[in-house]
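Work through the exercises below with the structure open. Each task is followed by its solution in steps.

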Amino acid sequence: MSVIEQNAIAAGPRISEADVGDYLALLKPRVMSLVIFTALVGLLIAPGHFHPVLAITSLLSIAVGAGASGALNMALEGDIDAKMTRTANRPIPRGRITRPEALAFGSTLSFFSVLTLGILVNWYAGALLAFTIFFYVVIYTMWLKRWTAQNIVIGGAAGALPPVVAWVAATGSIAPEPVWLFLIIFFWTPPHFWALALFRSDDYARAGIPMLPVVAGPDATRLQILLYTIVLVGIALAPWPLGYFDAIYGAVSLVLGAGMMWLAIEVYRKRERAASLRATRKLFAFSILYLFALFATLGLEAVVRMVAPLFWSGRVG
Amino acid sequence: MLGKGAHRTDMAEPNQPEDGIVLTEAQLRARRRRSIAIALALGVLVVLFFAVTLVKGPAVLRRPI
């Protein structure tokens with residue numbers, strides 16, 4: 001009998017005590033809620049009638065696909081998560097779930113989410129969801145994250161795709177509107193995550209992740225945040241004059257874009273430690289509100305357009 | 001937490017019958033909750049496929065690609 005076999009018997013088999021909550025934590029519920037929200041907006045602004053059952057199926061598939069990506073990401077990053085304060089409490093570093101268990105869980109959910117969207121809705125959306133999962137897990141997690149400071153710039157594409165998947169699920173084709181949604185999230189990601197990385201740079205340095213503040217320093221990061229914010233505000237405003245989104249969206253985008261610009265300038269200007277930290281935290285928090293408000297405006301307008309004719313025709317109320 | 005199941009196989013006495021692995025109370029409870037969650041997820045999947053079949057009717061077999 002080999003030493004390994006003897007040791008295995010002496011130690012006894014390792015049996016999981018992981019609870020349902022641990023598996024739910026693997027799905028990254030907060031990221032998942034943002035994905036559901038942006039995908040919902042993608043569905044709401046899509047033209048034509050989309051049956052509610054198919055809409056729910058699409059949202060559920062996209063949500064499960066996003067959760068599966070999160071589980072696969074945690075399975076592949078257990079070593080990094082254990083070194084960072086922000087992630088040390090996740091199920092794998094805590095020893096609640098093993099990496100193979102997380103891999104099996106994530107792979108199973110990925111398979112079923114793509115299959116369900118493909119069979120029940122359409123295969124264009126199913127294929128795009130599969131590509132989104134592949135991009136997040138393979139391109140971002142396995143390749144870019146540990147290799148380049150541009151990790152979240154390119155990797156941001158995965159987070160920007162859910163509203164496009166939702167639009168394709170509803171229409172079976174692509175159009176400029178979901179591309180605008182994609183671009184808004186894509187250019188929102190760098191200032192948002194670099195703001196986080198600025199006040200968590202010790203954490204990232206300890207884990208050996210080449211985030212921009214770790215590799216290029218805080219000053220270069222502040223400049224990049226400012227430049228990306230200028231592009232973001234321009235991109236988020238452009239669909240209004242170009243006629244894709246209306247004036248209400250334009251007004252919200254203009255006002256909140258001015259707020260984003262002001263906070264990004266503050267982050268760039270304030271170099272003294274305490275003031276810099278305050279400015280960075282403000283920008284991080286405001287960037288969440290900014291994205292939420294832009295998408296909520298589009299979603300609410302779509303709901304009003306759907307519901308208003310029912311009131312006018314006397315079918316409701 | 002990954003617990004060690006109580007392992008009653010005694011390798012020193014090969015003629016005794018093996019009792020196999022006996023799970024602790026915590027492991028049994030966790031396994032039961034996981035099994036219920038899997039059953040619920042499968043139930044949702046079945047309901048979803050049934051509902052979409054009703055919505056689409058015969059068109060469920062006519063999909064793009």
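**Exercise 1: a helix pair**

Task: find which residues of α9(A) meet α10(A), and describe the crossing.

Solution. A:Pro163, A:Val164 and A:Trp167 of α9(A) meet A:Pro178, A:Leu181 and A:Phe182 of α10(A). Two residues are in contact if their C-beta atoms, placed from the backbone, lie within 7 Å. By class, this contact of α9(A) with α10(A) holds six nonpolar, no polar and no charged residues. Here Ala, Val, Leu, Ile, Met, Phe, Trp, Tyr, Cys and Pro count as nonpolar, Asp, Glu, Lys and Arg as charged, and the others, Gly among them, as polar.

The model is predicted: local features need pLDDT of at least 70, side-chain atom pairs count only at pLDDT 80 or more, and totals for chains, interfaces and linings use all residues. Residues are numbered from 1 along each chain as its sequence is written, while chains are lettered from A and ligands numbered from 1 in the order in which they are written.

Next, the geometry. The axes of α9 (residues 162-171) and α10 (residues 176-199) of chain A come within 8 Å and cross at roughly 165°. α9(A) is therefore roughly antiparallel to α10(A), a term for angles over 145 degrees. Axes are lines fitted to C-alpha atoms, for helices over the stretch in contact, and angles run from 0 to 180 degrees between N-to-C directions. The crossing of α9(A) and α10(A) is right-handed, that is, the near helix is turned clockwise from the far one by less than a right angle.

**Exercise 2: one helix, two partners**

Task: how do α4(A) and α15(A) each pack on α3(A)?

Solution. 
1. α3(A) and α4 (residues 52-76) of chain A pack at about 150°, with axes 9 Å apart. α3(A) passes α4(A) in a right-handed crossing.
2. The contact includes A:Val31, A:Val35 and A:Leu43 of α3(A), and A:Leu59, A:Ile62 and A:Gly70 of α4(A). Its residues divide into 12 nonpolar, three polar and no charged.
3. The axes of α3 (residues 29-45) and α15 (residues 273-312) of chain A come within 9 Å and cross at roughly 35°. This crossing is left-handed.
4. Among the residues in the contact are A:Phe37, A:Val41 and A:Leu44 of α3(A), and A:Phe295, A:Leu298 and A:Ala302 of α15(A). The classes are nine nonpolar, two polar and no charged.

How values were computed
Helix = DSSP H or I, 4+ residues; strand = E, 2+ residues; numbered from the N terminus. Parallel < 35°, antiparallel > 145°, perpendicular 65-115°, else oblique.
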